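Student: I would like to learn how to read helix packing in a model of this kind. Could we go through the contacts one pair at a time?

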Amino acid sequence: VGVPAVQLVMLCLLLLVSVAIQSRLWPWRTDAANRADLIMSLSMILVIAAAGPLLEVDDAQKQDVLGIVMLFPLLGIPIAC
């Protein structure tokens, strides 16, 4: 995808899925390692979300980006259920 705003959203979604799986499975041997991994992943999501408003998006691309961003939750809800 050549649109940076969509890339940021997809990266946040990917990290959120990995955080959800990691917090459910607790894959590391020690609790400290699991918590550290969880905190680092959530920190990366925070940094990526904070970088979103700094992107320069053309007015023509705003509708396309908004359409793509709104499409994923609408498709994800029926798939998850």
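Student: Which residues in α1 meet α3?

Tutor: Contact means heavy atoms within 4.5 Å, and helices are DSSP runs (H or I, at least four residues), numbered from the N terminus. Here Ala5, Val6, Val9, Met10 and Leu13 in α1 meet Val65, Ile68, Val69 and Phe72 in α3. By class, this contact has 9 nonpolar, no polar and no charged residues, where Ala, Val, Leu, Ile, Met, Phe, Trp, Tyr, Cys and Pro count as nonpolar, Asp, Glu, Lys and Arg as charged, and the others, Gly among them, as polar. This is a predicted model, in which local features need pLDDT of at least 70 and side-chain atom pairs count only at pLDDT 80 or more, while totals for chains, interfaces and linings use all residues. Residues are numbered from 1 along each chain as its sequence is written, and side-chain values use heavy atoms, with hydrogens and water left out.

Student: At what angle do α1 and α3 pack?

Tutor: Axes are lines fitted to C-alpha atoms, for helices over the stretch in contact, and angles run from 0 to 180 degrees between N-to-C directions. Angles under 35 degrees count as roughly parallel, over 145 as roughly antiparallel, 65 to 115 as roughly perpendicular and the rest as oblique. For α1 and α3 (residues 59-80) the angle is about 15°, with the axes 9 Å apart, and the two helices are therefore roughly parallel to each other.

Student: How do the axes of α1 and α2 cross?

Tutor: The axes of α1 (residues 4-25) and α2 (residues 31-51) come within 10 Å and cross at roughly 160°, and these helices are therefore roughly antiparallel to each other. By class, the contact of α1 with α2 has 13 nonpolar, 4 polar and 1 charged residues.

Student: Which residues form the largest nonpolar core?

Tutor: A nonpolar core is a set of buried Ala, Val, Leu, Ile, Met, Phe, Trp, Tyr and Cys residues joined through side-chain atoms within 4.5 Å. The largest one has 7 residues, namely Leu8, Cys12, Leu15, Val19, Leu38, Ile45 and Ile48. The largest share of this core, 4 residues, comes from α1. Leaving aside its neighbours within four places in sequence, Leu38 is in contact with Val19, Gln22 and Ser23.

Conventions: Buried means under 20% relative accessible area, exposed over 50%, partly exposed in between (1.4 Å probe, protein chains only).
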